[in-house]
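Colleague: I have some questions about this model. Take me through them one by one, please.

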Amino acid sequence: MGIYADTRATLVEKTLRSVNDWVEGTATGGGANTVQDTSRPEVADYFNSKNAYIYIRSGASAGDWRKITDFAAGATPTITITPNFTATIVSGVTYAIMCVYSWEEVVHWINMAIDMVAEEAMVWKIDTTTITLAADTYEYNLPADFMYLYRVTMASDDGGFDDMPPIPPDQWRIVHAATPMLKLSQYPEFQEYTGHYHGDLWVDVDFVAARKLRLEGLASPATLSADTTVCPISPAYIVFQAAALLHSTRIRRPENEPDDNRVQFQLKQAMANVERLKVVHIQMPANSKRIRE
């Protein structure tokens with residue numbers, strides 16, 4: 001596991017906290033579409049016009065986030081949502097409320113923050129399953145997430161790679177296309193004999209059909225597709241950049257008029273810029289070849 005291991009759910013929480021849009025609570029009861037909490041202090045209908053959402057943090061419905069459609073105050077304050085939770089809410093379930101930004105919106109800008117450093121925060125990647133050599137075949141589609149490739153190794157007869165030398169770098173190249181390909185070069189066996197070389201077709205490795213290739217390279221960090229997906233990038237950068245982007249979507253006044261969202265955007269962007277300078281730039285290994293333009 002990398003140095004950073006924050007999940008998408010954790011990053012959403014940290015981002016919402018940074019923009020002061022995260023209020024926690026513990027249910028004292030509930031149902032399929034309600035959360036009761038006798039400690040809620042708000043007046044009736046407080047959340048109704050705020051585009052508010054509730055996120056369930058524990059229990060059988062953990063991970064659910066729903067739009068709040070009604071809030072009833074009184075002896076038993078009750079939050080009503082739509083659509084129903086995946087399971088009935090019971091006493092002791094913890095939750096959080098967001099009144100400005102939805103869970104989906106925050107996820108969108110977190111993934112945008114990841115994309116913004118896709119060329120800077122690359123991660124090491126090894127693939128041993130995608131390419132299986134076939135007889136008389138020298139071009140193979142590369143995995144979609146590789147950005148650079150620096151070493152290619154053919155498996156031994158027992159399927160291992162540890163004792164195998166890499167294929168010489170001048171005997172493979174990248175074919176840039178809509179689907180990038182790995183092109184191997186080998187001199188035709190029927191013309192092969194000692195001392196006979198023919199440009200870049202001569203190789204030191206005899207390719208064997210049915211053996212796997214190990215690809216070693218660098219990949220751009222993937223966007224986060226689920227709340228449990230781990231992000232390999234510094235959470236400080238991701239949170240500040242996502243917060244800045246969120247504030248930027250709420251700027252409504254011209255520059256010569258006071259606008260708190262503009263002020264917060266500028267502050268968060270400045271903090272994100274500082275953290276971005278700390279993003280690790282990996283030193284490219286020798287013979288690295290770029291896959292995608």
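Predicted model: local features only at pLDDT ≥ 70, side-chain atom pairs only at ≥ 80, totals over all residues.

Colleague: How far apart are the C-alpha atoms of T94 and V35?
Modeller: Along the chain, 59 residues separate T94 and V35.

Colleague: In what order do the four strands of the open sheet stand?
Modeller: Strand 9 pairs with strand 14 over five bridges, in the antiparallel sense. Seven bridges join strand 14 (residues 213-219) to strand 11, again antiparallel. Strand 11 pairs with strand 16 (residues 289-290) over two bridges. The order is therefore 9-14-11-16.

Colleague: Which strands stand at the edges of that sheet?
Modeller: An edge strand here has a single partner strand, so one side is left without a neighbour in the sheet. V123 of strand 9 has A219 in strand 14 as its bridge partner. The edges are strand 9 (123-127) and strand 16.

Colleague: Why does strand 11 count as largely enclosed by the rest of the structure?
Modeller: Strand 11 covers residues 146-154. It is largely enclosed because, of its nine residues, the number buried is eight.

Colleague: Which residues of helix 1 are buried?
Modeller: Helix 1 (residues 8-18) has 11 residues, and eight of them are buried, so the rest of the structure largely encloses it. N20 follows the helix, with a positive phi near 55°. The buried residues are R8, A9, L11, V12, E13, T15, L16 and S18.

Colleague: Which side chain makes a polar contact with that of Q269?
Modeller: Q269 is in helix 4 (residues 260-276). At 16% relative accessibility, Q269 counts as buried. Leaving aside neighbours within four places in sequence, Q269 is in contact with Q241 and A244. The 2.9 Å polar contact joins its side chain to that of Q241.

Colleague: D45 and D136 both have positive phi. Which of the two counts as exposed?
Modeller: D45 has phi near 65° and lies in the loop between strand 4 (34-36) and strand 5 (53-56). Its relative accessible area is 42%, so D45 is partly exposed. D136 has phi near 55°, in the loop between strand 9 and strand 10 (139-141). At 72% relative accessibility, the exposed residue is D136.

Colleague: Which residues of the largest pocket's lining are closest to its centre?
Modeller: The largest pocket holds about 340 Å³ of space. Its lining has 15 residues, divided into 11 nonpolar, two polar and two charged. Closest to the centre are I3, Y4, M122, P232 and V280.

Notes. Residues numbered from 1 in each chain as written. Heavy atoms only, no water. Buried < 20%, exposed > 50% of the residue type's maximum accessible area, 1.4 Å probe, protein only. Polar contact = N/O pair within 3.5 Å; in protein donor to acceptor, adjacent residues only side chain to side chain. Contact = heavy atoms within 4.5 Å. 1 Å grid on protein atoms, 1.4 Å probe; cavity = no way out; pocket = protein on both sides within 12 Å on 5 of 7 lines; lining within 4 Å. Points joined across faces, edges and corners; volume = space filled by probe spheres on them. Nonpolar A, V, L, I, M, F, W, Y, C, P; charged D, E, K, R; others polar. Pairing = 2+ DSSP bridges.
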